[in-house]
Amino acid sequence: MTTEESTVSSATAAPKPSPSSTSTTAHDQSRPAPPPSWRHTFASLRVRNYRLYVTSQVLTNTCGWMQRIAQDWLILGLTGNVALVGLTVTLQLGPMLLFGLWGGVIADRFDKRRVLMITQSLFAVSALTLGTLTLAGVVQAWHILASAAFLGLATVVDNPARQAFVPEVAGHEHLRNAISLNSTVFQMGALVGPALAGAGIALVGEGWAFVVNSMACTAAVLLLVAMRPAELNAAPAVRRAGGQLREGLSYVAGKPEILWAVVLVGFVAITGINMATVLAAYADDVFHTDSGGFGLLNSCLAAGAVTGALANTRRRSLRLRSLVYGAVALGVLQLLAASLRSQVAFSVVLVGVGAASLLYLTGGNTLVQSAVATTMRGRVMALYILVFFGAQAASGSIIGWVAHHHGAQLAMVACAAGPLTGAVIVGAILARRGGLVPRIILRDRPGRGIVYVVPRGTAHPSTAASSGQHGGPAEAAHGHGDHGDRPPRVAPAGATRGGHPSRVTTTLPRPWPFSTSRCASAIRSSGNAARTVTRRSPASYSATRSRS
C-alpha cells in the first residue's frame with residue numbers, strides 16, 4: 001500500500017470526532033503554520049543522491065556558461081560577423097523549439113538517469129573536440145556552428161529528462177526545496193560562469209574553456225554513476241506506443257492546474273523575463289554608463305534572483321492563485337522601474353524584479369511538477385520548457401524593437417505588459433469557472449483583507465459562509481466556492497470556544513488548486529486524499545464535512 005493510500009484508509013477508518021474535539025481541532029488548525037526555519041533552507045541536501053545531482057549541476061551549469069561565452073567570442077573573432085553569433089544561438093535553441101515535445105516522450109520511455117549519462121557524455125565529447133581544434137589552431141567557423149547544432153539536438157532530450165529527474169532524486173517531500181536550489185545553482189552559474197570565461201579567455205584563450213567544460217560533463221557522468229538506484233523514486237518506464245505525444249497534450253488539457261500554469265508562463269516569458277535587452281538600453285540611453293554600469297544592473301537583477309530562489313524554500317503552500325499574484329507583483333515592479341530615473345533607485349527595484357521573477361518561475365515549476373503523474377512527467381515538462389523557451393525567443397525581438405523605436409522606459413513598460421495581461425486573463429477565467437466575483441468590503445470585514453471573492457450573487461462573505469460557501473481575501477484564482485451538493489451541518493449560533501469565534505472546517509480534495517463543479521465530480525471519482533482547510537467565519541458557527 002502506498003503512502004497516499006494508507007493516508008486515505010486512515011482517514012476513512014478514523015472514528016467520527018465529537019463536537020468538542022472537532023472544535024478543538026478547528027481552533028488548532030486555524031492558526032497559520034509557521035514558515036520553515038532557515039536551517040531547512042537546504043533540507044533537500046540531506047538526500048545523498050540529490051547532493052550528487054546538485055554537485056553535477058553546479059559543475060555543468062558554471063562550465064556550460066563558460067563554453068557559451070567562449071563559443072560566441074571565438075566565432076566573432078574568427079569571422080567578425082555578429083550575425084553568425086546570432087546563428088550560433090539559434091542552432092542551440094532551435095532544435096528544442098522544433099523537437100522538444102518528442103524529447104519529453106523519450107524521457108518518459110527510458111530511465112532518466114541513463115538518459116542524462118548519455119547526454120552529458122555527448123556534451124563532453126563535443127566540448128573536447130571543439131577545444132582540441134581550438135588549441136591546435138585549426139578551428140573554423142563551421143566547426144563552431146556544427147558543435148552548436150549538435151549540442152542543441154542533445155539538449156532536446158537532456159532538458160526534459162533533467163527536469164523530470166528532480167522528483168526522482170530528491171523525493172516529493174523535498175521537491176519544492178530542490179527546485180528552488182536548482183534555480184539558485186542556475187543563477188549562480190550565470191553569474192560566475194561568464195566571469196570565469198572572461199578571465200580565462202584573457203589569460204589562456206578560448207580553447208581551455210571548452211576543455212574545462214568537457215571535464216565538468218565527465219565529472220557529472222561519474223556523479224550520476226555514483227548514485228544509489230535503490231534510493232531513487234524512479235517512475236515506471238512508459239512502453240513504446242502510438243499517440244503518446246497526443247496523449248501528453250490531452251493530459252495537460254484535462255488538468256487545469258497544469259494547463260493554466262503553462263498558459264501563464266507563456267504570458268510572463270514573452271515579455272517579463274528577458275531583461276538583458278532593456279537593461280542594455282537603460283545603461284546606454286538613460287544612465288549613459290559604460291559596460292561596467294551594464295554589468296552592475298545585471299548583477300542587481302541576478303542578486304535578486306538568487307534571493308528569490310532561496311526565499312521560495314520557505315513557502316508554506318503553493319496554489320495556482322500564487323502564480324497569478326506572482327505575475328502581478330512582477331508586472332507592478334517593472335512598471336515602478338519604468339517610472340524611475342535615478343540609477344540607485346532603479347538598481348534597488350531591479351533586485352525586487354529579480355526576486356519576483358525567480359519566485360514566479362520556481363513556483364510555476366514546482367506546481368507543475370507536484371501535480372503531474374509520474375508517467376507523464378517528461379512530456380509535460382517538455383511542453384512547459386517549449387512554451388517558456390519559445391516565448392523567450394519571441395521576447396528578444398519584441399522588446400528590442402520597442403527599445404529601438406520608443407526608448408528604454410517604454411520597453412520596460414512593455415516588459416510588464418505580458419505578466420499583467422496573463423494575470424488578468426488567467427485570473428478572470430479561473431474566477432468565472434469557479435462562479436466567483438470580487439467584492440470590496442470596507443466595513444464589517446470578516447478578516448484582515450479588503451478585497452474578498454464570493455460566489456456570484458452574494459453581497460458579503462458572511463452570506464457566503466452561512467450558505468456553506470467560503471469567500472476570503474483574494475480567492476479568485478483558487479475558487480473554493482463549490483463544495484458539492486450536500487449542505488454542511490451548522491451548529492447553533494453563538495457557539496464559541498475559549499472566547500474565539502467558531503471556525504468553519506471544510507474538507508477539500510487535493511491536489512486541485514481550485515474547484516468547479518466539473519472538477520469536483522472528477523475529484524470524487526478519482527478518490528484522491530483529502531486535506532482539511534479552516535476559515536474564520538464572522539458568524540458564530542461551525543460546520544464539518546468530509547469526503548472519503
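A disulfide is a pair of cysteine sulfur atoms within 2.5 Å. I start my notebook with that rule, as cysteines come up below.

**Ground rules.** I am working with a predicted model, where local features need pLDDT of at least 70, side-chain atom pairs count only at pLDDT 80 or more, and totals for chains, interfaces and linings use all residues. Residues are numbered from 1 along each chain as its sequence is written, and side-chain values use heavy atoms, with hydrogens and water left out.

**Confidence.** I looked up pLDDT, the predictor's confidence in each residue, from 0 to 100. The chain has a mean of 75, with 73% of its residues at 70 or more. Residues 1-32 fall below 50, and this stretch has 24 contacts (heavy atoms within 4.5 Å) beyond near neighbours in sequence. Residues 469-548 are also below 50, with 188 such contacts in the model. Where pLDDT is low, the predicted coordinates should not be read in detail.

**Cysteines.** By the opening rule I get 0 disulfides. For C63, the closest cysteine sulfur is in C217, 7.8 Å away, which is too far for a bond. C63 has a relative accessible area of 10%, so it is buried (under 20% relative accessible area; exposed is over 50%, partly exposed in between, with a 1.4 Å probe and protein chains only). C415 is buried too, at 0%.

**Helix α9.** Next I checked α9, residues 244-253; helices here are DSSP runs of H or I, at least four residues, numbered from the N terminus. Q244, G248, Y251 and V252 are buried in this helix. They sit on the same side of α9 because they cover an arc of only 95° (taken from the directions from the helix axis to the C-beta atoms). The face turned away from that buried side carries exposed R246 and A253.

**Cores.** I then looked for nonpolar cores, meaning sets of buried Ala, Val, Leu, Ile, Met, Phe, Trp, Tyr and Cys residues joined through side-chain atoms within 4.5 Å. The largest has 61 residues, and I258, M275, V278, Y282, F346 and M412 have the most contacts inside it. Among the elements giving two or more residues to this core are α9, α12 (291-311) and α16 (408-433). Leaving aside neighbours within four places in sequence, M275 touches L301, Q334, L350, V353, M412 and C415. Another core, of 23 residues, lies apart and includes A107, L181, L223 and M227.

**L330.** My last stop was L330 in helix α13, which counts as buried at 0% relative accessibility. Its C-alpha is 8.8 Å from that of A355, 25 residues apart along the chain. Beyond four places in sequence, the contacts of L330 include V268, I273, V353 and P419.
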